[in-house]
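The stops below each begin with a selection.

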Amino acid sequence: MIKITPKVDYAFALQLSRSNMAEYYAKHGIVWDDTYFARFWEASENFGLYQDDQCIGVVRIRLEDDAIHLADLHVVPECQGMGIGGEALQYMMQLAKVRRKPLMRLTVFGDNPARRFYERHGFQVVEEEGALCKMACSLG
């Protein structure tokens with residue numbers, strides 16, 4: 001069981017996000033931009049995923065008119081595959097329902113195994129744009 005809290009260190013979140021996405025950015029010729037990350041950090045609600053008082057992941061969401069946009073969901077590599085991401089995603093889906101948002105949206109690289117993870121949790125591809133897949137899940 002993880003603890004999800006709005007307490008998360010920016011430097012940790014930046015490093016984890018950059019590290020987890022490095023392979024896909026390099027593969028698709030995209031340059032990571034810390035300034036872009038910082039700008040969206042300020043515009044997002046940011047959560048830390050904690051296990052035994054140690055931060056092992058980060059989730060970032062942005063509110064939209066009719067949805068919650070899942071901007072990031074990252075777990076440290078040594079804790080991946082243990083159900084932590086699924087637990088965090090279910091928490092965010094419940095949060096969206098509480099906030100009366102009927103949809104959750106996200107964007108993922110089409111060749112990232114996370115795409116299959118999101119599909120298993122009810123997300124469907126609604127648009128493909130180059131290497132990216134825009135996905136949505138009805139929370140009704």
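This is a predicted model: local features need pLDDT of at least 70, side-chain atom pairs count only at pLDDT 80 or more; totals for chains, interfaces and linings use all residues.

Beyond its neighbours within four places in sequence, Met104 is in contact with Ile68, Leu70, Leu89, Met92, Met93, Ala96, Phe123, Met135, Ala136, Cys137 and Leu139.

Now select helix H1, residues 10-27. Its 18 residues reach 26 Å from the first C-alpha to the last, close to the expected 26 Å. Where does H1 bend? The bend, about 50 degrees, is at Met21. At the start of the helix, a side-chain oxygen of Asp9 comes to within 3.3 Å of the backbone nitrogen of Ala11. After H1 comes Gly29, with a positive phi near 65 degrees.

Colour the buried residues of H1: Ala13, Leu14, Leu16, Ser17, Asn20, Met21 and Tyr24. Their cover includes helix H2 (34-42) and strands S3 (54-63), S4 (67-75) and S5 (103-109).

Finally, display the aromatic rings, which form 10 pairs. Tyr25 and Trp32 make a tilted pair, 5.2 Å centre to centre with 50 degrees between the planes. Trp32 counts as partly exposed because its relative accessibility is 21%. Phe117 and Tyr118 pair edge-to-face, at 5.0 Å centre to centre and 70 degrees between the planes. Phe117 is buried at 16% relative accessible area, and Tyr118 is buried at 7%. To close, select Tyr10, Tyr24, Tyr25, Trp32, Phe37, Trp41 and Phe109, which ring pairs link into a cluster.

Notes: Residues are numbered from 1 along each chain as its sequence is written. Side-chain values use heavy atoms; hydrogens and water are left out. Helices (H or I, at least four residues) and strands (E, at least two) are DSSP runs, numbered from the N terminus. The expected span of a helix is 1.5 Å times one less than its number of residues. The bend at a residue is the angle between axes fitted to the seven residues ending there and the seven starting there. Buried means under 20% relative accessible area, exposed over 50%, partly exposed in between (1.4 Å probe, protein chains only). Contact means heavy atoms within 4.5 Å. A polar contact is a pair of N or O atoms within 3.5 Å; within protein, one must be able to donate a hydrogen and the other to accept it, and residues adjacent in sequence count only if both atoms are side-chain atoms. Rings of Phe, Tyr and Trp (its six-membered ring) pair if their centres lie within 6.5 Å; planes under 30 degrees apart count as stacked, over 60 as edge-to-face and the rest as tilted.
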